[in-house]
Amino acid sequence: MSEPDGRNKHIFVCYAHEDIAALEETCAWFKARGHAVWYDERIHAGFEWADELAEAIDECSVLLFLATPHAIESRYCRNEIAYAIDVGKPVLTVFMEPLELSGGLKLSLLRQQAIVRWQLNADEYHEQLSFALEALSNDMALTGLGTTSAKRIFQVPRARNRAFSGRESELAAINDAFGDAPGAVVLVGHPGVGKSQIALEFLYRHCASAALVAWIRAEDQASLDADFTQLAVNLGLTEARNADTPQIIASVTKWLSDHSRWWLVLDNVESPEQIATYLPAELRGNLLLTSRNQTWDRFAASVPITPFAEHEAVQFVLDRTGQDDEEAARELAQTLGFLPLALEEASAYVTATGRTLARYLDLFSEHHDELMGRSRPPADYPASLRTTLEMALGKVEEIEPESVGFLDALSYLAPDDIPLSFLAKLRVSGREPTELELDGYVSALRKYSLIGVQPDSISVHRLTQLVLRDRMDSSRGNELMEEVLAILGAEFPRVTDITGEAMPKCRRLLPHVIAALGHAPGFTTDAGIHAALLSRTGTFLSARNEPFAAARLLAEAHARVTGNAAETHRFAGVCELYGRTLYANGELVQAREVFNEALAIFAEEGEQGQRHVMQIHVDLAWVDWTAGTIGDAMDHAKTVLTMVESSGGPEDARRMAGTSILSRLHLENGDLTAARDMLAQSTAAIESLQGLRSPLLCAVFLQVGYVLRHLGAPLRAISWARESLTLGTPVFSKHHSVMGASHCVAGQAFLDLGELEEARREFEAAAECASHVAHPINQDVVTAICYLAMTLVREGRLQEAEHLMQTRLSDPASLVAGESKLALATTELAHAEIAAASDALERAVAHADNADAILAPYGSNHPYRLMPLLTRGAALAAQGSIADAEHAHEEALHICTQHEILEHPLLGRHLIGLANLYETTNDARARDTRAQALTMLERTLGPSSPAVIELQNQ
């Protein structure tokens, strides 16, 4: 075991003891260059090394992971990596051979720096080690990165280009443009001139000591969102877990506005407007952009990027090829218009084939004349690039014929971060490639600079993709597009598989899905495959609280399979998903129509379609409930239970859904006996399936909590609402309506308990959700604003409560679609409490009366009246209208007695109100009533409840 150098921070080497030869080679190189190295040859020896290992990682500058089959199987290696990341140490992975990482390691090493050793010779490997250490080892100390331990973040998925040369004037111009103060600089120029490579080189030269360095793909919104989400993850921001995309972006923007010493590269930006919402108003760090757009004057300083100067182009070709024919290099550079991308392709060809530069020029001339005779290339790329690519592709076809078809398919995806798992599915010759064949494809394409290679992904230049698509005939393009859509459809998780673990995969695939769907309209692809991908993507966006984007995709899926007899079953499935998105958007009539379309089809499938039929009846129950047609909603829920009984199967989620809906609907109808019965059945069904905890059951748990709260069981209500949040957090955006409604139920129960601080937190979360719901049809979410105002009033924060009601609920009737009585009544109650706190007692009584009148259709003995009666009684008592106040409280007692909800916290508050009234006329009755209230509240809420303590102190 080597000892750490006490003077300098060491490099901690994480390895498997079977790989001692690889360890010795790497360590010898480090030591020869004066680097201190720490490693433990006996890591398998046992527990006694744990403290020493942790201390060594704490003191290291970089953890170097030698990734081999033995190492990725070693729990010791996994533990060391996890600990290093946890304490904020950078991890540099060296892939010693081709590997498929486990899910856990992929997650841990995502976006960490990596070197693909097995593709490099010794000199290349050591050079990349030097570059990586330069980027990772300088100034590792950093504080204030979100909620994680102090660490430096280097989110740059591209290794430094070892063949970079020239461009010194451009690099100097960028440095001068930034100067000493934070700011924004944009590199502008035509495609293929090397903007991205210059930006990458600038990062490695000038940004090694920055607290945060991140490379953001900006060619489309899906890529922007994916990379900003990954940045939120790396920063340790809580919003990265389950917030919707705008909230994630806002959290990163806030972090950027609160911190300095950061560098962001936004690559291939279209316009300033495209990125306006992604950046803080005032830059405290540095922003480097690349763009074809020339109009950046008011946003950033521009540095024009043109093709190589002649001497740079000549030197590049000579360095890249290792040849010394300067005249041929100059002629080649002139022929290719000094375009870096074309020169790279040509140099790679020369290097791979061993041709001389002069011979390449002859071949180029022959191919160029032939191509120009066939077609005229689009203006998006120079003709010389088409020729260099055609020559490279022709040579690749000679050594790996199928690899060109493999590359053609990639032209329909986003250009960067194409997962190797996707590549392994491509059926280039009618079957999936073997691992060795895949290695051959990648090796051949990389050899001719047609792709870039990262540890678990590849990239293709945008211009290369454009050339590839342009050269393909429509038949070939159609075949490949179907293949791409089929693989993406199979790889993108189904709705039932969308869990917290699947979310990173969904986010990573989304840019490729959007790119492929963008190209698909030009082809006659299989309607079923296309619709399946649209449906899965739409479902993911819906879960992330992007209902309008989801609706667009699902509407297209619906159109794709409408009237297609061969896709009847798929059409019904699309209708099912589309209906839920329409419901989330408040389109109740259209939602009912598409649900009924699906219901008719699944009903004809007999037993095979029964589960779908039951689920659609559940969906229709919610549509009818929201629309205010309670009877129809109850019919759908009862149909579900009848089908569950007749199926003879075990308890399942449909029984839970049906009974929870019926429990809620019976409560709405004032039949608390039936509500209790359905509640008991629902909880029994849940308890019988303890292992079933799908996020799709969030609504079931939510409704159980809602009913429990109105039956006077606030503690149990909180437990069920919190369970709903626990189930939904890994999947749904925190602003999803079901999450907001769960917060609202928990908040109401805390308010009943007198726990004002806890109630306020829950209502603030629910109100925040309400602000992100485009059509807040869920009255539980809308009422959160009113309950938050009431909580603020009870905390003595009257002005805040008034401002909240004025700004958020100026016209509550317009905010709630369909059945809105509870939301409107709660609005009146909030105004009543504000008025009472302002000593405007007549107005308080009027608002309470309005609330009671709104609730009249529920019946005179409905528990929903307990709150208006309490508010009315308190206001009347303060006015001195003792008899009227007493009548209001006694009416509430009658409701509780009739429904046998004799331990409801609201009943306790009514009893306290009566006790206060009796004190003016009958001290004994006041004492008895107060004692009754105290006994009931102690039993219901516990002796330490604020309500109990307050009563005891009176």
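Modeller: Let's start with a crossing: H26 passes H27 in a left-handed fashion. This is a predicted model, so please read everything here as a description of that prediction. H26 covers residues 588–604, and its axis lies 10 Å from that of H27, at an angle of about 160°. That angle makes H26 roughly antiparallel to H27, because anything over 145 degrees counts as such.

Now look at who meets whom. From H26 come, among others, Leu 588, Ala 591, Phe 595, Leu 599 and Phe 602, and on the H27 side you will find residues including Val 613, Ile 616, His 617, Leu 620 and Val 623. Sorted by class, this contact holds 12 nonpolar, 4 polar and 3 charged residues. The spacing has a simple background: an α-helix has 3.6 residues a turn, so residues three or four places apart point the same way.

His 617 counts as buried because its relative accessibility is 12%, and the cut-off for buried is under 20%. Leaving aside residues up to four places away in sequence, His 617 touches Leu 599, His 636, Thr 639, Val 640 and Met 643. Leu 599 belongs to the H26 side of the contact with H27.

H40 (residues 882–899) and H41 (residues 905–918) cross at roughly 150°, and their axes come within 9 Å. H40 is therefore roughly antiparallel to H41, and H40 passes H41 in a left-handed crossing. Among the residues that meet are Ala 885, His 889, Leu 893 and Cys 896 in H40, with Leu 907, Leu 911, Leu 914 and Tyr 918 in H41. The contact of H40 with H41 divides into 10 nonpolar, 3 polar and 2 charged residues.

Finally, let's stay with H41. Its 14 residues should span 20 Å at 1.5 Å a residue, and the end C-alpha atoms are 20 Å apart, which agrees. H41 is largely enclosed by the rest of the structure, because 12 of its 14 residues are buried. The buried ones include Pro 905, Gly 908, Ile 912, Ala 915 and Leu 917. Their cover includes H32, H33, H39, H40, H42 and H43.

Notes
Residues numbered from 1 in each chain as written. Predicted model: local features only at pLDDT ≥ 70, side-chain atom pairs only at ≥ 80, totals over all residues. Heavy atoms only, no water. Buried < 20%, exposed > 50% of the residue type's maximum accessible area, 1.4 Å probe, protein only. Contact = heavy atoms within 4.5 Å. Axes fitted to C-alpha atoms, helices over the stretch in contact; angles between N-to-C directions. Helix = DSSP H or I, 4+ residues; strand = E, 2+ residues; numbered from the N terminus. Parallel < 35°, antiparallel > 145°, perpendicular 65-115°, else oblique. Left-handed = near helix turned anticlockwise from the far one by under 90°. Nonpolar A, V, L, I, M, F, W, Y, C, P; charged D, E, K, R; others polar. Expected span 1.5 Å × (residues − 1).
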